[in-house]
Amino acid sequence: MATTLGASFLALALLLAGCGGGGGGSDPGASSVVAARATLAADSVPEVLLQWAAPLDIAAQRIVEYQVFRNNDRIGAVDKDGRSFRDTTASGEFAFQEASGTTLTPRTGNHSPVRPGGTVRYQVRVLFQRIEPSGATSYAETSLNTPGVATTPLVRPSIASVTPQSLEALVRFPKLDGADQYQVETSVFSDFRSKTVRGPVQVTRGEGLITIPWPADSTPGSTVFARVGTRATGDASPPLTTDANGDDYLYSVAQTVVRP
């Protein structure tokens with residue numbers, strides 16, 4: 001079934017964020033991305049969804065904003081109540097604030113498009129209000145975790161052909177840039193609520209081929225739906241599927257074939 005970013009990721013965030021009080025003279029450590037997962041927008045355009053939890057060692061009322069970095073470059077900012085960010089293939093300006101002692105200066109940055117097929121690394125920085133030992137107020141930023149959380153944005157995979165045979169179907173699909181693991185599914189239902197699964201298999205170049213038996217609830221002459229899912233095994237978190245009854249893969253558009 002489709003997965004969401006759940007309690008396990010939030011628990012990890014609390015562990016990574018550290019512990020302690022919300023004020024004090026010492027600066028908190030680096031902030032941490034909880035998960036960065038390849039996904040697809042409603043129009044199938046590649047995206048990466050980042051999510052994090054508030055740090056334990058900075059009081060909530062002292063957080064100003066979160067700033068998102070890709071490969072050490074700032075690509076966006078989220079207000080103090082935000083916990084997620086979508087990195088997209090669109091470019092555009094965004095507003096953020098820069099800390100300098102007791103002053104916050106409004107700045108403008110440029111979001112560069114994320115490019116599918118290559119692994120990138122994400123980091124989140126917290127801009128916060130600091131209480132000095134003297135009681136004076138200033139502003140500071142957490143450091144960035146190095147090297148960041150690895151994620152590979154991916155385009156939607158596709159099926160090259162589905163060849164029906166008496167007992168099985170032969171599903172061929174092209175390898176995507178950045179993806180190395182594939183799974184094929186067949187079902188008599190378009191939403192794949194009941195399905196037969198074959199894989200995962202590793203495909204490092206060219207074209208993949210997976211032979212899959214017909215669904216147990218199919219009969220000769222019935223229509224069967226087939227789709228292929230893909231992911232990059234080097235990512236810190238699996239993809240966030242947008243397809244019904246999917247596993248941790250990004251899926252192709254389903255093709256139909258008549259069982260002989």
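Hi everyone. Two strands count as a pair if DSSP finds at least two bridges between them. Keep that in mind as we look at this structure, which is a predicted model.

Let's start with a strand pair. Strand E12, residues 168-174, runs antiparallel to E15, and the two are joined over seven bridges.

Now widen the view. E12 and E15 belong to an open sheet of three strands, in the order E11-E12-E15, with antiparallel pairing. At the edges sit strand E11 (161-164) and strand E15 (207-213), each pairing on one side only. From one strand to the next, the twist averages 20°.

Next, the nonpolar cores. Which residues of the largest core touch the most other members? They are Val162, Val171, Phe173, Tyr182, Val184 and Val228, out of 21 residues in that core. The elements giving two or more residues to this core are strand E1 (35-40), E12, strand E13 (181-187), E15 and strand E16 (223-231). There is also a second, separate core of 19 residues, and Tyr66, Val68, Val78 and Phe128 are among them. As a bit of background, nonpolar side chains in soluble globular proteins tend to be buried together.

Let me zoom in on Val171. Leaving out neighbours within four places in sequence, Val171 is in contact with Ile159, Ser161, Val162, Val184, Gly208, Leu209, Ile210 and Ile212.

Over to strand E1, where we find Thr39. Is Thr39 buried or exposed? Its relative accessible area is 1%, so Thr39 is buried, the cut-off being under 20%. A polar atom of the Thr39 side chain lies 2.8 Å from the backbone oxygen of Leu240. Beyond four places away in sequence, Thr39 touches Val45, Pro46, Glu47, Leu49, Arg86, Leu240, Thr242 and Leu250.

Last stop: the aromatic rings. The count comes to four aromatic pairs. One of them joins Trp52 and Tyr66: the ring centres are 5.5 Å apart and the planes are at 50°, so this pair is tilted. What does the pair tie together? Trp52 lies in the loop between strand E2 (46-51) and strand E3 (63-70), while Tyr66 is in strand E3, so the pair links parts that are 14 residues apart in sequence. As for burial, Trp52 counts as buried at 1% relative accessibility, and Tyr66 is buried with a relative accessible area of 1%.

Technical notes
Residues numbered from 1 in each chain as written. Predicted model: local features only at pLDDT ≥ 70, side-chain atom pairs only at ≥ 80, totals over all residues. Heavy atoms only, no water. Helix = DSSP H or I, 4+ residues; strand = E, 2+ residues; numbered from the N terminus. Axes fitted to C-alpha atoms, helices over the stretch in contact; angles between N-to-C directions. Core = buried A, V, L, I, M, F, W, Y, C linked by side-chain atoms within 4.5 Å. Buried < 20%, exposed > 50% of the residue type's maximum accessible area, 1.4 Å probe, protein only. Contact = heavy atoms within 4.5 Å. Polar contact = N/O pair within 3.5 Å; in protein donor to acceptor, adjacent residues only side chain to side chain. Phe/Tyr/Trp six-rings, centres within 6.5 Å; stacked < 30°, edge-to-face > 60°.
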